[in-house]
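Morning, everyone. Please have the chain on screen while I talk. I'll go through sheets, helices, a pocket and some backbone details.

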Amino acid sequence: MKALQYHTVGAPPEVVTVPDPEPGPGQVLLRVTAAGVCHSDIAVMSWSADQLPFPLPLTLGHEGVGTVAALGPGTEGVAVGDSVAVYGPWGCGTCFMCAQGKENYCLRAAELGIRPPGLGAPGAIAEYMIVDSPRHLVPLGDLDPVRAVPLTDAGLTPYHAIKRSLPKLVPGSTAVVIGTGGLGHVAIQLLRAMTAARVVALDVTEEKLALARTVGAHDTVLSDAAAAPTVRALTGGRGAEAVLDFVGAQPTVMAAGAMAAVEGDVTIVGLGGGTLPVGFGALPYEVSVTSPYWGTRAELIEVFDLARTGAVDVHVETYGLEEAPEAYERLHEGRIDGRAVILPNG
């Protein structure tokens with residue numbers, strides 16, 4: 001089969017031919033319908049050889065949907081032909097966190113060498129992929145696979161982040177979204193569907209802010225040195241009850257702290273490497289700062305249910321498997337409008 005693999009540190013990914021995978025005991029073989037392209041992959045490909053926690057080559061793609069093509073010995077819970085989405089943050093299934101359904105915070109994944117597809121295990125940008133357990137599959141139902149596949153990360157991650165702040169996002173409150181790309185433009189829609197908050201979107205170009213307005217942002221602000229004072233002015237000096245930073249670079253993280261309200265939440269989702277000092281006087285009183293990771297399987301089901309209502313519509317650009325390296329190049333250059341989706345068998 002063909003797959004997009006990251007072969008050499010510092011080199012771009014390439015389409016290669018690899019042996020067709022076969023499911024082992026308890027595993028599921030998927031014929032991939034669609035796979036998402038994410039900035040996290042670019043972050044991984046920017047690491048040095050010493051920083052990589054897994055061996056190369058690596059088949060990329062941690063957002064995947066497909067149809068069940070075969071079952072390994074003893075596999076139950078799904079049937080050949082089922083249309084399913086892959087829940088990406090695999091865990092052991094038995095530790096304290098996994099017992100709560102929080103496999104994204106599995107306590108034993110590192111110890112046991114369990115890694116997400118596309119982030120250590122072979123990923124979804126291939127004609128076929130192996131899923132380690134039917135526990136990590138969610139029925140797709142009537143959802144369009146192409147528009148649904150980004151929801152497995154670009155939908156689930158902001159949904160999980162927003163849920164934490166829901167008690168604060170009451171009428172009269174403000175939520176700020178920094179970075180309106182793949183995750184951010186979905187976060188805007190989720191905030192509009194789930195809260196009564198005023199949604200303010202920040203990004204570096206008017207083109208990106210136009211998308212933010214299209215998907216429901218009440219206000220848009222250029223993400224520059226004046227962003228925090230501008231948000232403070234928009235809120236009458238009060239600041240934002242929730243600031244969700246989908247960039248995570250040092251300038252955006254510092255701006256997030258500067259625009260947070262007393263008792264506000266600053267949630268750093270982006271992998272830009274920025275850090276925010278926390279201590280008495282460093283931030284407004286009782287500001288909470290967190291850096292969540294992905295979300296739970298139950299939350300992915302909730303995101304799909306929300307999508308079925310029409311509340312979330314991911315903007316996608318589609319590419320064939322041979323065009324996947326170009327999709328990553330365009331993403332790196334900031335030229336993707338929403339989310340890039342690869343159709344490995346399209």
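First, a term: two strands count as paired if DSSP finds at least two bridges between them. With that in hand, look at Y6, which stands opposite L58 in strand 4. Keep in mind that this is a predicted model.

Strand 1, residues 2-6, is joined to strand 4 by two bridges, and the two run antiparallel. They belong to an open sheet of three strands, ordered 2-1-4, with antiparallel pairing. Its edges are strand 2 (14-17) and strand 4 (58-59), each with a single partner strand, so one side of each has no neighbour in the sheet.

The peptide bond from L56 to P57 is cis, with omega near 5°. P57 sits in the loop between helix 1 and strand 4.

One pair in detail. Strand 9 (residues 174-178) and strand 12 (residues 240-245) pair in the parallel sense over four bridges. V177 has L244 of strand 12 as its bridge partner.

Phi of E263 is near 65°, a positive value in a residue other than glycine. As background, most residues other than glycine have a negative phi, and most peptide bonds are trans. So that is one to check on your screens, along with the cis bond from L56 to P57.

Back to helix 4, and its contact with another helix. Helix 4 and helix 9 (residues 297-308) pack at about 105°, with axes 10 Å apart. Angles from 65 to 115 degrees count as roughly perpendicular, and these two helices are therefore roughly perpendicular to each other. Which residues make the contact? From helix 4, they are L156, Y159, H160 and K163. From helix 9, they are E299, L300, E302 and V303. By type, the contact residues are four nonpolar, one polar and three charged.

Last, a pocket. The second largest pocket holds about 220 Å³ of space. What lines the second largest pocket? The lining is Y6, G10, A11, P12, P13, I42, M45, P325, Y328, E329 and H332. Y6 is there again, the residue opposite L58. Helix 1 (39-45) and helix 10 (324-332) each supply at least two lining residues. Helix 10 gives the most, with four. The lining divides into eight nonpolar residues, two polar and one charged.

Definitions and conventions. Residues are numbered from 1 along each chain as its sequence is written. This is a predicted model: local features need pLDDT of at least 70, side-chain atom pairs count only at pLDDT 80 or more; totals for chains, interfaces and linings use all residues. Side-chain values use heavy atoms; hydrogens and water are left out. Axes are lines fitted to C-alpha atoms, for helices over the stretch in contact, and angles run from 0 to 180 degrees between N-to-C directions. Angles under 35 degrees count as roughly parallel, over 145 as roughly antiparallel, 65 to 115 as roughly perpendicular and the rest as oblique. Contact means heavy atoms within 4.5 Å. Ala, Val, Leu, Ile, Met, Phe, Trp, Tyr, Cys and Pro count as nonpolar, Asp, Glu, Lys and Arg as charged, and the others, Gly among them, as polar. On a 1 Å grid over the protein atoms alone, a cavity is a set of points where a 1.4 Å probe fits but cannot get out, and a pocket is an open set with protein on both sides within 12 Å along at least five of seven lines; lining residues have an atom within 4 Å of a point. Grid points are joined across faces, edges and corners, and a volume is the space filled by probe spheres set on the points.
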